[in-house]
Amino acid sequence: MRKRMRTTAVAAVAAALSAALAAPAVAAGPGADRTGDTGDHRATTRAVRAAVQGGVPGVTLRAEDRRGVWTITAGAGDLRTERPRSPRDRYRVGSITKTFVATVLLQLEAEGRLSLDDTVDSWLPGLVTGNGHDGARITLRQLLNHTSGIYNYTADEDFGRTYFLKDGFLEHRYDTLAPEELVRVAMSHEPDFAPGAGWNYSNTNYVLAGLVIEKATGRPYGEEIRRRVIRPLHLTGTSVPGTRTGVPGPSSRAYGKLTEDGSGPVHDVTRLNPSMAFSAGEMISDSEDLNRFYRALLTGRLLPKKQLDRMTDTVTVDDTHGYGLGLMSTELSCGVTVWGHGGGIHGSTSDAVTTRSGRHSLAFNFNGDWSGDPEAVIDAEYCGD
């Protein structure tokens with residue numbers, strides 16, 4: 001799993017698709033002749049084409065800035081029928097779900113219904129325990145910024161074989177998993193470090209955060225996201241599917257190799273039960289909605305200033321990335337910093353970022369999980385030639 005993007009452990013960079021995909025059709029949507037902050041998006045067009053030529057089945061992308069909206073699609077939305085991708089495609093957004101979850105928790109803090117300094121054990125007594133894990137020593141803030149030290153359940157080898165690799169996935173793709181089961185997988189391992197003593201991306205943190213939302217509100221975490229974010233922002237392409245296995249239309253097929261090294265044949269992995277990801281990565285959205293969400297978030301429409309400041313207070317990940325509360329900052333090659341999140345789940349790799357001002361937003365999706373460089377696309381859009 002990449003620190004920024006991936007929810008699954010199976011998504012690895014590997015061999016390209018067959019030569020049949022090496023020369024994809026590319027379509028630029030309305031507004032493509034308008035210049036953006038980096039000119040005419042030629043660098044972004046090249047980066048999108050390169051992703052498809054390098055093996056990604058198809059790409060859909062939407063950029064919005066002070067000069068208008070620009071969309072581009074490339075490659076196939078369905079490899080069997082050769083149907084192209086659409087600018088309106090809905091897709092699984094994986095760990096982008098985390099920003100929605102963090103937003104709701106911070107809203108609850110602003111309402112005085114919880115504190116980021118509360119311990120996990122105070123809300124979920126006895127759940128985080130075993131092999132050195134102790135929920136009485138871990139705060140909600142440490143869940144949201146990945147400094148809890150809690151083991152990442154998707155890194156468990158048995159879990160990976162069962163739900164990410166070919167034989168296991170094809171047998172278990174429709175299984176319903178309770179979030180407590182996911183936590184128990186993590187508890188079978190030792191922590192990565194003592195609470196607050198380091199940083200490590202762990203999907204378990206956000207499964208727990210979703211459960212805290214449910215305990216604090218008495219409602220499913222997905223219902224709180226619908227009430228507090230999706231409906232107020234009129235995000236018509238966004239949903240929290242629960243155990244529903246399909247992706248609502250308009251949408252494309254999703255493809256995976258289902259191998260550790262990204263080799264082998266391509267499988268259609270569109271249908272699956274996303275309870276294996278729960279509040280760490282189950283949501284579905286589209287590029288227009290993601291741009292609207294991150295723009296609203298960064299410009300203060302969803303959180304008071306105090307909570308937004310906390311969300312954007314980052315822990316250093318590496319030389320160019322910082323992680324706040326469900327929100328990552330990335331310094332690009334030209335010195336521009338963008339804020340957002342990436343997400344990966346079977347057959348789907350997505351990214352959504354915006355400038356701190358909210359004036360330049362970008363969201364896109366690859367309908368494959370074994371190839372492509374999302375950061376190259378982001379850098380091309382914001383830094384240009």
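These are my notebook entries on a few places I looked up in this structure, which is a predicted model.

**Entry 1: helix 12**

I began with helix 12, which runs over residues 374-383. How many of its residues are buried? I found 7 of 10, so I noted the helix as mostly covered, taking buried as under 20% relative accessible area. The buried ones are P374, V377, I378, A380, E381, Y382 and C383.

Next I asked which elements the buried residues of helix 12 pack against. My list has one helix, helix 1 (42-53), together with strand 2 (58-65) and strand 3 (68-78). Strand 14 (337-345), strand 15 (348-355) and strand 16 (361-366) are on it too.

Then I looked at the two ends. At the start of helix 12, a side-chain oxygen of D373 comes to within 3.2 Å of the backbone nitrogen of E375. After the helix comes G384, and I wrote down that its phi is positive, near 60 degrees.

**Entry 2: aromatic pairs**

I turned to the aromatic rings and found 9 aromatic pairs in the structure. One of them joins Y153 and F159 edge-to-face, with 5.2 Å from centre to centre and 90 degrees between the planes. Are these two residues buried or exposed? Y153 has 0% relative accessibility, so I count it as buried. F159 is buried as well, at 6%.

Another edge-to-face pair is Y221 with F278, at 5.0 Å centre to centre and 65 degrees between the planes. Y221 sits in helix 9 (residues 221-230), while F278 is in the loop between strand 9 (267-268) and strand 10 (284-286), so this pair ties together parts that are 57 residues apart in sequence. I checked their cover too: Y221 is buried with a relative accessible area of 2%, and F278 is buried with 11%.

Which residues form one aromatic cluster with Y153 and F159? I noted Y163 and F164.

**Entry 3: R113**

My last stop was R113, and I first asked where to find it. R113 lies in the loop between helix 2 (97-110) and helix 3 (120-123). Its relative accessibility is 34%, which means that I list R113 as partly exposed.

What does R113 touch, leaving aside its neighbours within four places in sequence? I wrote down L108, W123, A216, T217 and R228. I looked again at T217: this residue is 104 residues from R113 along the chain, yet their C-alpha atoms are separated by 8.6 Å.

Note on methods. Residues numbered from 1 in each chain as written. Predicted model: local features only at pLDDT ≥ 70, side-chain atom pairs only at ≥ 80, totals over all residues. Heavy atoms only, no water. Buried < 20%, exposed > 50% of the residue type's maximum accessible area, 1.4 Å probe, protein only. Helix = DSSP H or I, 4+ residues; strand = E, 2+ residues; numbered from the N terminus. Contact = heavy atoms within 4.5 Å. Polar contact = N/O pair within 3.5 Å; in protein donor to acceptor, adjacent residues only side chain to side chain. Phe/Tyr/Trp six-rings, centres within 6.5 Å; stacked < 30°, edge-to-face > 60°.
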